[in-house]
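Here is a structure to walk through step by step.

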Amino acid sequence: SKAAVFGFTKSLAKELAKTNITVNSVTPAAVRTPIFEQIAQSHIDFMLSKIPMGRLALLQEIAQAVLFFVREPYLTGQVLEVAGGWNL
């Protein structure tokens, strides 16, 4: 599914570029949200073991990534992984 997001983002960006519509993706790792209150600590610990920064992302950090794309009108076809080093 990750490859599909990358491919779709790039393909759609290329198709819409002449219309001044930009297409970018933000792909976050695990984000600290209220749903984590329902997840077993052992599962959270497993996720944290995969993230080199050793913590979950904050909603504000994901929002900042989205704002980066909004503020840069020439960027299109980009995928920004906000993952604390996960998947590098």
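The largest nonpolar core has six residues: Ala30, Phe36, Ile44, Met47, Ile51 and Leu56. Keep in mind that this model is predicted.

Take Phe36 from that core. Phe36 sits in a loop, between strand S1 (25-28) and helix H2 (41-50). Is Phe36 buried or exposed? Its relative accessibility is 9%, and buried means under 20%, so Phe36 counts as buried. What does Phe36 touch, once residues up to four places away in sequence are set aside? Its partners are Ala30, Val31, Ile44, Met47 and Leu56.

Now look at Val31, one of those partners. Val31 belongs to a second, separate core of five residues. Ile62, Ala65 and Val82 are also among its members.

Next, find helix H1, which spans residues 2-16. Thr9 lies in this helix. Thr9 has a relative accessible area of 2%, so it is buried too. Which residues does Thr9 contact, leaving aside neighbours within four places in sequence? They are Val23, Asn24, Ser25, Gly77, Gln78 and Val79.

Val66 is part of helix H3, residues 59-71.

Notes. Residues numbered from 1 in each chain as written. Predicted model: local features only at pLDDT ≥ 70, side-chain atom pairs only at ≥ 80, totals over all residues. Heavy atoms only, no water. Core = buried A, V, L, I, M, F, W, Y, C linked by side-chain atoms within 4.5 Å. Buried < 20%, exposed > 50% of the residue type's maximum accessible area, 1.4 Å probe, protein only. Contact = heavy atoms within 4.5 Å. Helix = DSSP H or I, 4+ residues; strand = E, 2+ residues; numbered from the N terminus.
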